[in-house]
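Dear colleague,

Please find below the structure that I am handing over to you.

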Amino acid sequence: MRETFNFDKKDRELLRRINEVIDHGPATSEEQEAFNTSLHPHGIQNMVTTHEVRMAMAVINLLQRLNSIEGMNERLSALKTLHEEVLYSAQTPFKFNTARVLIQIMKDIVRSRGNEEEQLRLIHDFQKVAAGNPRIVRSFLTKYYLLEMPEEWNQKTMDDHVHDSNTMGRKNPTYLVMDARVKGIRRLSVVYYNYVDPHAVYELFEAARIMEISVRLGIKYKAKFDDRYVEILWTPRGFTDTKSVMDFLQKPDVVRLMAQGRKVELWARERVLETLATFNEKHARAIEKEYGLKLPKLSEEQFRAFIGTGQTSLVRLAEFTHKSILPALEARAEEIREALGAAAENEKADLNASLAKLDELTSAHLYQNYLRPSRNPEIKSLSLPQDDDRPELLNIDIASLLSMLKSVRANSRATLLTSRLSAVDVLELLWDTEGAISHLEVFNMKEWKLGSQENIQEINDLQHAINERNVIKLKRLISSMLALPEVQEHPQKKAVFTEILENIPLLLSFYRRQPLGSRFGTDSTTLLGSRFGMGLAVPETLPASAQKMIGKKSRFSPFSLPLKVPVKCVDVYSENEHSPGWIKWLKEKTGCSKLGRKHERVWEAGYAHAALTDKGNIITLGGETPADSNGFVHKQSEEKNGKKQGVAYTNTTLLNILKVSIGFVPAFFTFMMTQNWWVLAWFGALIWFSITGVRNIIQALIAAGGFRQGMRINWTQVVNWSRVSDSLMYTGMSVVLLEGFTRNILLGHWLGITVDKAPLLVFSIIALANGLYISSHNIFRGFPKTAVVGNLFRSVLAIPVAMVYNFVLAMIIPILTGGPAAAVLVPAAAIVSKFASDTVAGVIESVADRQNNYRLRTSDFKMGVKGLFDCFTKLELAFPKNDILSLLSNPSEFINMISMKSKAMEIQCIVISLDLMYIWYYQPCARYAFMSELRKMSAEERLVFVRFQQTLSQYQEVSRLFLDGMLGQRFSKALSFYLENYKDYLQAIEEIRVKADGGDIVQVSQKKEKLAEQGLKQQELA
């Protein structure tokens, strides 16, 4: 019985298909990957699968191929599919935030395999969120600890210091970029140590291109400074695309630099392996003696497998050590718990202390007490310069290092990592490098958490004095530094600072053209103990709802950094190339220069002028992870599987019936109580509901483009029955207000006004009450402000419409009934007003819905056309001696030529055309959008568009793609659709082209006859 009332049949079917995909594992066929990459998310693949299943496949490819180099291309293909599917799943303009939530839900669906009930809840949630209702989406953003981002996607969000799995992170570049997009991050700097692997760089930049994130490559180097190392983050710049980055990495100077960096990593790896051996020989015995354990010997081979493609470091060794000894810890903890059960009261304190001590033996404890360099002084350390066999790159001073890096890439930036440095150190480094240091890392969340940035205020003051060219302040700062004991006690350092004091203009000249910039990041990594997730944001650039959430004490309370960045908002108005003529005329006559222009809001941030202050305007986007424990003392209670479903997961059909009933019952009894005429008493509620229901259905049909010849959309598919049910529920409740209170009590009993005496006043008051009611429930449902204001305006427009209806009925009713019109119109005043209101609503909302469908189809069309012209460009480059446009006029010859050169190109040509044809027939408003966008093209572009799709006339090649598994095994419906419709489709787009070019349709008819002559063989194949 419970299964009947909870979830939908569609939910269970989706669960079955998604779990089939999960159990099957990631796709392995390269040809299938090529198909999936080319297919449009709203194209022909929808005849055999759903976007939820395709998203599940994409997430599986991301989760099951986390860190293998071999899976890089599959991960990128999966990311592209996932990005397109979620971006095109949203059915409203609230698409970016909707897409972020959909990715999170789909990840949970895949991870919840084995818990069918949880998966069903998530699938049901997924389909609710995909509708794009702002209120629902915002509730799920809160659930997943995400802040709402502006749909203009113009927020200032960044992280200048993160890691992927190739260094100290856990996520491969693809997964890292995907999570950055989910968090709303627009700018990302990924840090590597000493060198970078070209495969990792390629994956990083391609993933960033797919997800539309600005990404920077940072390489961290150590350089000698006095008797220690300082760290520099080198960021080469000026790359236009992924290819330019890869070309840069292949240059001889870069190859030599990377080879030197690799030597440093290999040298450091040997030191870590020496520490592993020391742990086995010395520290393991001490732990066994102290904790009463029997520990396994750590294996070097298993440690290498544990690291994978990541960096070999002492932190990784601590994690591996903890993982290796955890079974022994758990066994010992179980022994202590058993002893506690049988122990006397005086023995329990000691046993509890032993259990608590065992609970604290985490990876952080292992690192601090056994693995860090100070605990193993016999092993060479990477922390301090020493005269040993370390690689040459570790023996170079900072000035020489930066000079070398500048020679490798002139267009680059060098960021000084200021952790554990004082303002004295920073000034001396700036002077020694003569302005080669372009940025300071003024804030690092990880280092700040560790207490390694106690001098950032003094460093920031120095930075401001330089950028503001404040000689007085700078002189005072240098003089105070010169007076410090650490400077006075070192003659060489004293001489340097005396020289700086005497040459302040020279110091300022280093940063005359470009100020000393700021960088700040989370350094999000596998930091032992507590840590913050990646991402920082400027709250002023976020929506009002997100800013309110930041100030509340809710489930997710972002941490505010003591850092203030000056920001300003710039409104940009650009000319709209396709503005209607009357807009241009009106702009000329009125002098309103902004009329008809595209409006874009741009936020500009002065990062170079970031200031440390008690009240900052930078917040974290990720939460804080608490310090680790083994969970032996305070074990978290597991979530119960049988948690209550609630009404949110009720079967949609039953829920819709419940909604309609909730609205109908009060409406029916209201009419029974207020009406004397039996018709309205018994059927008033039915008439009221019929007005709203029929209006919603007609509105949906008009929004979908109406009934056009050849369209394959069933009218039931374009009607959102949940939306109709919501509308009926709220309209039923309105009967109590409009009929029960407003017409009957307020107007009838209190004011004594009826429609036969003062129709304008009656309809105005009812319309006002209706407008306030509609606006209030619109606000409750999370509709945008424009919809709320629009419904108030709709009520005003309904007044004259109600007057017209009342006048017409006053003429008709006496003829039909033989009695006075007032006998019907007075008790039916609320119904007439309701009819007028729904008439206006039907017009306004159908236009709005049609515009939304037009926006979606235009987006589909542009995506398909972009792929079409990209493919056409590739063909032009692949066949430089051929005229591709002329070849396209002979599809048979064209297909034969490109199939010999590249099968992938042939597949792409046909797939793009099939998708456009499917959209033409099956997607609402597709034809209107196609015609509108084609008219905006040049004549040559239209010719390319039409001729390119003539490849569909090669039915044998197209059919072979279906048979080869382009859409899997259930391709019969799609193949039949293609064979039945491709000729009509090609003729239709040709007619549009000819009309747009001002040509003759007769020529098109003649071409149709030629195609008909070739139809016999195609019908036989069908």
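This is a predicted model: local features need pLDDT of at least 70, side-chain atom pairs count only at pLDDT 80 or more; totals for chains, interfaces and linings use all residues.

Residues are numbered from 1 along each chain as its sequence is written, and side-chain values use heavy atoms, with hydrogens and water left out.

Helices here are DSSP runs (H or I, at least four residues), numbered from the N terminus. Two packed helices are described by the angle between their axes and the distance between the axes. The axes of α12 (residues 252–291) and α16 (residues 363–371) come within 11 Å and cross at roughly 110 degrees. Such axes are lines fitted to C-alpha atoms over the stretch in contact, and angles run from 0 to 180 degrees between N-to-C directions. Helices α12 and α16 are therefore roughly perpendicular (65 to 115 degrees). On the α12 side, T275, F279, H283, I287, E290 and Y291 meet H365, L366, Y370 and L371 of α16; contact means heavy atoms within 4.5 Å. The residues of this contact divide into six nonpolar, three polar and one charged. Ala, Val, Leu, Ile, Met, Phe, Trp, Tyr, Cys and Pro count as nonpolar, Asp, Glu, Lys and Arg as charged, and the others, Gly among them, as polar.

Is T174 buried or exposed? T174, in helix α9 (residues 173–183), is buried, with a relative accessible area of 0%; buried means under 20% and exposed over 50%, with a 1.4 Å probe and protein chains only. Not counting residues up to four places away in sequence, T174 touches L62, R75, L76, L79, E203 and A207. K901, in helix α36 (residues 891–901), is exposed, at 51%. Leaving aside neighbours within four places in sequence, K901 is in contact with A878 and F879.

In helix α38 (residues 926–936), the buried residues are A926, R927, A929, F930, S932, E933 and L934. Their cover includes α34 (829–878), α37 (903–922), α39 (939–948) and α41 (972–997).

Finally, R271 lies over the face of W267, at 4.7 Å from the ring centre, and K357 lies over the face of Y291, at 5.2 Å. A charge sits over a ring if NZ of Lys or CZ of Arg is within 6 Å of the ring centre and within 35 degrees of the ring normal.

Terms used: Helices (H or I, at least four residues) and strands (E, at least two) are DSSP runs, numbered from the N terminus. Angles under 35 degrees count as roughly parallel, over 145 as roughly antiparallel, 65 to 115 as roughly perpendicular and the rest as oblique.
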